[in-house]
Structures are given as structure tokens and as C-alpha cells.
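Visitor: I would like to know what stands behind the terms used for this protein. Could we take them one at a time?

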Amino acid sequence: MDGPVLPSRSPAETRRIGARLGRLLEPGDVLLLQGELGSGKTMLTQGIGQGLAVEEPVKSSSYVLLNEYHGRLTLYHADLYRLEEPAQVAELALEEVAEPGVLAVEWPERAWEELPPEHLLVRIEEAGLRERRLTFVPRGERYEQLAQRMAARRRGGRKAADG
Ligand SMILES: Nc1ncnc2c1ncn2[C@@H]1O[C@H](COP(=O)(O)OP(=O)(O)OP(=O)(O)O)[C@@H](O)[C@H]1O
Ligand SMILES: [Mg+2]
């Protein structure tokens with residue numbers, strides 16, 4: 001079951017969507033970012049960092065499994081692209097490490113079974129050179145709420161027309 005879909009027409013728009021998501025995050029939140037190479041997972045994470053008031057630049061970290069950025073909450077950014085075995089993720093103890101902050105994971109499909117079952121999955125699909133579709137797929141009550149808030153156009157805004 002999918003959730004709300006947001007279109008993005010540019011890298012800047014993906015960043016803005018990320019920033020809006022970042023502002024809504026709470027300690028312990030887990031975001032799984034799925035999409036092809038170059039779809040915009042890191043761009044979205046940069047926006048999330050911005051929304052969390054992280055000052056350092058969030059970088060693409062394919063050679064490092066886990067990076068940490070300090071903001072309103074600490075952003076733990078994992079990139080599992082280079083992961084050789086899912087068991088390596090267990091060693092990282094991502095959920096425990098990130099618990100006081102926020103965890104964002106690129107390439108979660110490398111280790112689904114090792115990642116928290118309750119999460120917000122963001123699927124990014126290319127829909128043209130500069131167009132993307134971001135689908136928010138919540139797993140768990142907290143994330144259903146978060147997905148609904150992302151679907152609402154304005155802050156404190158109206159409900160989606162067809163719930
Ligand atoms: N609407 C858009 N949203 C996000 N990125 C876009 C968009 N349109 C074009 N792009 C381009 O797509 C690329 C996205 O790169 P990014 O590093 O974020 O991808 P990624 O999903 O993290 O890739 P990887 O799997 O290699 O980590 C950038 O070069 C960006 O400029
Ligand atoms: Mg990336």
C-alpha cells in the first residue's frame with residue numbers, strides 16, 4: 001500500500017520537500033530512501049539536513065556507511081550502496097546509534113531485513129530529466145501521521161481532498 005505522492009520538477013524542489021520533511025522530524029524517526037542511482041536520495045537528504053538546521057553540507061557518502069551531522073537533531077545518514085552483506089548493517093546497530101536523532105538510509109534494499117520495520121519509506125522515481133515522483137510509504141502509526149503531514153499542502157493546512 002502506497003501513500004501520498006509529491007511531484008518534484010527540479011533538484012531545488014526535491015531539496016525543499018526534504019526541508020519540509022526535516023522540520024517535521026522527531027527523535028527516533030527512521031527514513032528509508034529508495035531510488036535508482038542519481039534519482040535524488042542524497043539531494044533529498046540535503047534538504048532534510050536543512051530542515052533539521054544542520055550547518056555542514058550533507059555529502060554523498062557511498063564509501064562511508066554512516067555519516068553524522070549535527071543540527072536541531074543529529075542526522076545519521078547511511079548509504080548502503082557498497083554494502084557487501086546485510087549482516088554488516090547489524091554490526092552498525094543503526095537503530096540504536098540513531099535513536100536520539102534521525103536516521104536516513106539510502107539503498108535500504110541492500111538490507112531490508114536488518115532495518116527498522118517501522119519507518120517512512122520514500123520512493124523516488126525519475127519522471128523525466130528533471131522530474132521526479134516521491135512516494136511516501138508509511139510503516140507504523142507515527143509514519144502514517146508524518147506521510148499525511150507531507151501530503152498536506154500548507155502547514156496546518158487543509159486535508160487532502162480524498163483522504
Ligand atoms: N527533480 C530532481 N530532484 C532531485 N535531483 C534531481 C532532479 N532533477 C535532476 N536531478 C539531478 O539528479 C541527481 C541526483 O543526485 P543524488 O546524488 O541526489 O542521487 P542519489 O539518488 O543519491 O544517487 P546515488 O544512488 O548515486 O547515491 C543530481 O545530479 C540532481 O541535480
Ligand atoms: Mg546518494
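Guide: Strand 3 (residues 66-69) and strand 4 (residues 75-79) run antiparallel and are joined by 4 bridges. Bear in mind that the model is predicted.

Visitor: What makes strand 3 and strand 4 a pair?

Guide: Two strands pair if DSSP finds at least two bridges between them. Strand 3 and strand 4 have 4 bridges, so they meet that cut-off. Within this pairing, E68 has Y76 of strand 4 as its bridge partner.

Visitor: Which helices supply residues to the shell around ligand 1?

Guide: Helix 1 (11-24) and helix 2 (41-51) each supply at least two. The shell has 18 residues, and the closest are T14, G40, K41, T42 and M43. By class, 3 residues of the shell are nonpolar, 9 are polar and 6 are charged.

Visitor: Which residues touch the most other members of the largest nonpolar core?

Guide: These are L75, V102, L103 and V122, in a core of 38 residues. Neighbours within four places in sequence aside, V102 is in contact with L25, D29, L52, L73, L75 and Y76.

Visitor: How do you know that the radius of gyration agrees with a compact globule?

Guide: For 163 residues, a compact globule would have a radius of gyration near 15 Å; the protein has 15 Å, so the two agree. Along the principal axes, the C-alpha atoms fill a box of roughly 45 × 35 × 35 Å. Of the 163 residues, 40% are buried.

Visitor: What share of the contacts join residues at least 24 apart?

Guide: The share is 65%, among contacts between residues at least 6 apart in sequence.

Visitor: What pattern does the protein follow along the sequence?

Guide: The order is β-α-β-α-β-β-α-α-β-β-β-α, with 5 helices and 7 strands in the protein.

Notes. Residues are numbered from 1 along each chain as its sequence is written. Chains are lettered from A and ligands numbered from 1 in the order in which they are written. This is a predicted model: local features need pLDDT of at least 70, side-chain atom pairs count only at pLDDT 80 or more; totals for chains, interfaces and linings use all residues. The radius of gyration is taken over C-alpha atoms; the globule rule is 2.2 Å times the number of residues to the power 0.38. A residue is buried if 20 or more other C-beta atoms lie within 10 Å of its own, exposed if 12 or fewer, and partly exposed in between; C-beta atoms are placed from the backbone. Two residues are in contact if their C-beta atoms, placed from the backbone, lie within 7 Å. A residue is near a molecule or strand if its C-beta atom, placed from the backbone, lies within 6 Å of it. Ala, Val, Leu, Ile, Met, Phe, Trp, Tyr, Cys and Pro count as nonpolar, Asp, Glu, Lys and Arg as charged, and the others, Gly among them, as polar. A nonpolar core is a set of buried Ala, Val, Leu, Ile, Met, Phe, Trp, Tyr and Cys residues joined through C-beta atoms within 7 Å.
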